Amino acid sequence: MSNATQGMDVGYVAHLARLELTAEETALFQGQLDQILHYVEQLNALDVAGVEPTAHAIPVYNVFRPDEVGRSLDHDDVIANAPSAANGQFRVPKIIDQ
Amino acid sequence: MADLNTLTLSELSDKLAAGECRSVDIVNDVLACIEERDGRIGAYLTLDRASALEQAQAADAARAAGACHPMLGIPVAIKDLINVKGQPCTCSSKILEGYVAPYDATVVSRLRAAGAVLLGRVNMDEFAMGSSTENAALGKTSNPWNLDHVPGGSSGGSAASVAADEAVCSLGSDTGGSIRQPAAFCGCVGVKPTYGRVSRYGLTAFASSLDQIGPISKTVRDSAILLDTICGHDPMDSSSIDLPATAFAAQLGSDPSLSGMKLGLPKEYFVEGMDPEVEKAVRDAVEHCRGLGAEIVDVSLPNAKYAIAVYYIIATAEASANLARFDGIRYGLRIDGKDPIELYGRTRAAGFGPEVKRRIILGTYVLSSGYYDAYYLKAQKVRTLIRDDFAEAFRQCDAILAPVTPTAAYRKGEKTSDPLKMYLDDILTTPINLAGNCALSVPCGFASNGMPVGLQIIGDAFNEEAILRVGHAYEQTTGWHRQRPEW
């Protein structure tokens, strides 16, 4: 965790997370998140060599179900929530330029 | 017949079975109470009165036709992150304003099958991120015991609705204490079931390795009835465990003796900064349990003090991935941009509140290249140490007694400017989610400011029976849970 002291570049990480921040938000979060990262540095005091990580407290493995066709969500109900739709499909801005 | 809304689920269930009242009468009393009080409390985000009365009529008709279930005709308030088909599900976020759930969560299907009345949607911290319901973007909720105080969070609307008799019981969710803490702050009972007990299908995901749905109610027995209704294996949630049907309510006897039970007292849980009044109420409760015949043993949870650091790495990491789905494409808010990237950035900027943004940024950072090992992997390893501590403790006792929170409910605005200060309040509840155990909160007294205090009873994984037994015995022999706010 030695990198932590260098702090995080909030503007860059926000871009990775697809969040447009205002300058005020960036400055506010920078201070708050630096403080939180400083707090979590206490984990450095712990020796975890040889300790297995826990991803789920009650792990279950290889959960399968029969490969059967079930009922899907109602198409109209789903499209009704779309901010923009056409011909029963979600409409999005152009992704690929000609 | 008046004030049916003030009775417990169990009392109402008996009355319905005996033909002494109808579900329509209960729902009418609850709706009248909401009408009178919710302007002050702000528990509900949305309420469909006509639908509630229709469901109540259907429940009465089903009973007349021979149906019976303890939940038949009982109105339940649903935290606004659990999907109920045809109702809004906003997670108290602007990004989901106007969203209408196209399907039922599994817990909702089970409530419907039992004949419960799905009453309305109750407020919460946005996407369950918070401990005071002050991070809610679509409503403000007050503590029924003192309107200047927070109801706790994130299931603040659930706890406030039950404490104000605006609901007979409620479903909340608990990722780091979000059921137990508001239950404690509002003088209710709340249960976080063992990870894997209750299906999360239809629960808007916050931190998938921690989230559990559970009840908030007026008594331990009421929570047991709700648990029996919602627990059980569901192929739609691959983390749900295939176990025999539970009979928690039936296992609660009338004999409050705790003889033969060993209850652990973790010295690390009486933390620095704990309000002496809270500590006294909890220590008195421990002595009360000793008086009921329990043997009190000292246990140690040496790594619990790292829980906040571990929790705010793991929970934010998982949240940053889970909340990526809110991108303005398929549902919810959209702010257009020249390309999808700009659309995402603008939509999420306008749709998420500050706490959600903070956590997404933190979670993205701890998972990012170069920092993953230092933060996320390290936190997962310390999580193992915390889990091992509980495993060791439960070799020495049947359940652990502890406070739920370091202080009773505080005034609104007291902690909103300092996120870390708010996080630190979760120190006594987050270890249980990290370890995957079950725990409940039951009222055990009041602080001198008149706000309720909660006793936390922690059980080993899948040993809800033990914590419900202790909580029920405590409740039967004390009167705290019967005290109500004055109106």
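1. Let's start at one pairing: E1(B) runs antiparallel to strand E3 (residues 117-122) of chain B, and 3 bridges link them. (Strands here are DSSP runs marked E of at least two residues, helices are runs marked H or I of at least four, and both are numbered from the N terminus; two strands pair if DSSP finds at least two bridges between them.) Within this pairing, Leu47(B) has Gly120(B) of E3(B) as its bridge partner.

2. A quick word on what you're looking at: this is a predicted model, where local features need pLDDT of at least 70 and side-chain atom pairs count only at pLDDT 80 or more, while totals for chains, interfaces and linings use all residues. Residues are numbered from 1 along each chain as its sequence is written, with chains lettered from A and ligands numbered from 1 in the order in which they are written.

3. Now step back to the whole sheet. In chain B, 11 strands make an open sheet with mixed pairing, and their order is E1-E3-E2-E4-E6-E5-E10-E11-E9-E7-E8. Which strands stand at the edges? They are E1 (44-47) and E8 (295-299) of chain B; each has a single partner strand, so one side of each is left without a neighbour in the sheet. On average, neighbouring strands of this sheet are turned by 30 degrees against each other, direction ignored.

4. (Buried is 20 or more other C-beta atoms within 10 Å of a residue's own, exposed is 12 or fewer, and partly exposed is in between, with C-beta atoms placed from the backbone.) E10(B) runs antiparallel to E5(B), with 3 bridges joining the two, and Lys192(B) stands opposite Ala439(B) of E10(B).

5. E10(B) also pairs with strand E11 (residues 452-459) of chain B, again in the antiparallel sense, over 8 bridges. Ser441(B) has Gln456(B) in E11(B) as its bridge partner. E10(B) and E11(B) form a hairpin with 5 residues between them, and Gly450(B) in the turn has a positive phi of about 85 degrees. While you're tracing strands, remember that in a regular strand the side chains alternate between the two faces of the sheet.

6. Buried or exposed? Phe127(B) counts as buried because it has 30 C-beta neighbours inside 10 Å, and Thr133(B) counts as buried because it has 34. Ser154(B) sits in the loop as well, and the peptide bond from Gly153(B) to Ser154(B) is cis, with omega near 10 degrees.

7. H10 (residues 307-322) and H13 (residues 372-393) of chain B pack at an angle of about 125 degrees, with axes 9 Å apart. (Axes are lines fitted to C-alpha atoms, for helices over the stretch in contact, and angles between N-to-C directions run from 0 to 180 degrees.) H10(B) and H13(B) are therefore oblique to each other; angles under 35 degrees count as roughly parallel, over 145 as roughly antiparallel, 65 to 115 as roughly perpendicular and the rest as oblique. Residues making the contact include Val310(B) and Ile314(B) of H10(B), along with Tyr376(B) and Arg383(B) of H13(B). (Contact requires C-beta atoms, placed from the backbone, within 7 Å.)

8. Finally, the two chains meet: the contact takes 48 residues from chain A and 63 residues from chain B. On the side of chain A that touches chain B, the largest share, 7 residues, comes from H2(A). The axes of H2(A) and helix H12 (residues 354-367) of chain B come within 11 Å and cross at roughly 55 degrees, which means that H2(A) is oblique to H12(B). The contact involves Phe29(A), Gln32(A), Leu33(A) and Ile36(A) of H2(A), together with Arg358(B), Ile361(B) and Leu362(B) of H12(B).
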